[in-house]
Amino acid sequence: MEWETISQSGSEGAYREGSPRSRDQFERAIRSMPGGAKGAYFYPPYPLTIDRAEGCQLYDVDGRCFIDFANHHTAQILGHGHPAVLEAVRGQLSRGIAVGGPMGVEAALAEELCRRIDSIDKIRFCNSGTEATLHAVRLARAFTDRPKIAKFEGGYHGSHDAVEISVAPPVDRAGPASAPRPVPSTGGMAPQAAAEVVVLPYDDEQAVERLLIQHRDELACVLFDPKVGMYQTRPAFAQFLRRMTRQHQMLLVFDEIVSFRVGRGGYQELCQVTPDLTTLGKIIGGGFPVGGVGGRSDIMDLFDNSGPPTGLGQSGTFSAHPVTMVAGLATLEQLDDAAFHQLNELGRHLRSGLEKCFQRVPQQAQIVGQGSLFSIYFAAGPLADYRSAAEADSTPVRDAVRHCLQRGLFLNHNLVMNALSLVTGEAEVERLIAAWSEILPPVARADGALGVAAANRAGT
Ligand SMILES: Cc1ncc(COP(=O)(O)O)c(C=O)c1O
């Protein structure tokens, strides 16, 4: 394929031409919602409005069909409209939607998660991953009687003040790599929020050890998102964190809100680490809003105010919503060893296909992935931590994503944190590989410039 053709297909003009109804929907939405609907992937200049979803396919309001490689921020592990989930939801709708009392279904999901995840003796449900990490942090502070938490640079754990620190800081404002400065990720946070957080560099054992020792008397926990499918992860690093936190009597909180989809017992089972607390979300709600925090009984029992008050509360009007609970349970029931094997094999197939495609033009693009999760970066070096990922070239991303859309392939708008579903097949994966072969053709340009970016400069 000629550069000009790629430029055409990834251009804003081609995108606009194919999506007039999405543009109309966006123009309507921004009149009543700042910036339009949240929770959507945003392909500039406006997001695609989706009309319906079925299996591994999304249909937009302009009548086009896309293979879904994003699966609602990784949450839709069974794809869209799985019959078992629909049946469970319909059954629950007819029994009651929100009734102000337990309906038994929450205990069934809790038991299933306790069975799957060895480190979880007890679990509490809430409505989002944000709430789950908020309550994990409170549990850790209450249990240890220490004020601060440690989290990793580049780690996203939701949108409350304690964790929205150094999520994607500008590197020039983020201090030295081995002792990152806490940088608030948004305005409007409590003035002291950043001072309550020790920011750790991912995958740097020496620096992490030094920082944990330096702050050992004030740290309640280390909050760890393993970044599976986003960085090149090392189980030994997670094991090191377990040793360190134990040694310094801090809690280790595994954020498995994304990584729970890599295996029956989550990433913690794969890396053989037993955290004190685990936060969950996304797939455990079967596509409905959900969060969960679980772990050791002696910590979780701080939430048990059925006897004398513990001083720690957790509440939420829609927590453990019965429709969510049955959808989550129906989803987990599909996720047996064979299902994970299928997802992981397909992930392997996708990675090896894209690796081959990228090897033809070394130094330009890379795929990082594990299980059914994958991310694509325009970067040459290792992707081991936040700073190496931040060095990736973001210039070609927009056109590459729009080129994929033109080929009927729906990916995360920044190419990071994509996910396969159980109904994605090899044929769909082959289509993705073919589209990327067009983006990075076999012959690299003599000046080494990136294909899409180069094509843009030539074409505009
Ligand atoms: C690792 C991780 N933790 C927490 C969250 C927050 O979850 P939610 O968006 O449900 O609040 C996310 C969301 O993407 C996440 O990826």
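How close do the axes of helix 4 and helix 11 come, and at roughly what angle do they cross? They come within 8 Å and cross at roughly 155°. The two helices are therefore roughly antiparallel to each other, a label for angles over 145 degrees, with under 35 counted as roughly parallel, 65 to 115 as roughly perpendicular and the rest as oblique.

Before going on, please note that this is a predicted model, in which local features need pLDDT of at least 70, side-chain atom pairs count only at pLDDT 80 or more, and totals for chains, interfaces and linings use all residues. Residues are numbered from 1 along each chain as its sequence is written, and side-chain values use heavy atoms, with hydrogens and water left out.

**Helix pairs**

Helices here are DSSP runs (H or I, at least four residues), as are strands (E, at least two), numbered from the N terminus. Axes are lines fitted to C-alpha atoms over the stretch in contact, with angles from 0 to 180 degrees between N-to-C directions. Helix 14 (residues 397–406) and helix 15 (residues 426–439) have axes that come within 10 Å and cross at roughly 135°. That makes helix 14 oblique to helix 15.

**Around the ligand**

The residues surrounding the ligand are Ser128, Gly129, Thr130, Tyr156, His157, Gly158, Asp225, Asp255, Ile257, Val258 and Lys282, each with a heavy atom within 4 Å of it.

| Residue and its atom | Ligand atom | Distance |
|---|---|---|
| Thr130, polar side-chain atom | oxygen | 2.6 Å |
| Tyr156, polar backbone atom | nitrogen | 3.2 Å |
| Lys282, side-chain N or O atom | oxygen | 2.8 Å |

On its own, the ligand has 390 Å² of accessible area, and the protein covers 82% of that (Shrake-Rupley method, 1.4 Å probe).

**Two backbone details**

Most residues other than glycine have a negative phi, and most peptide bonds are trans. The peptide bond from Pro44 to Pro45 is cis, with omega near 10°. Pro45 sits in the loop between helix 3 (20–32) and strand 1 (50–54). As for Asn71, its phi is positive, near 50°. Asn71 belongs to the loop between strand 3 (65–68) and helix 4 (83–95).

Definitions and conventions
A polar contact is a pair of N or O atoms within 3.5 Å; within protein, one must be able to donate a hydrogen and the other to accept it, and residues adjacent in sequence count only if both atoms are side-chain atoms.
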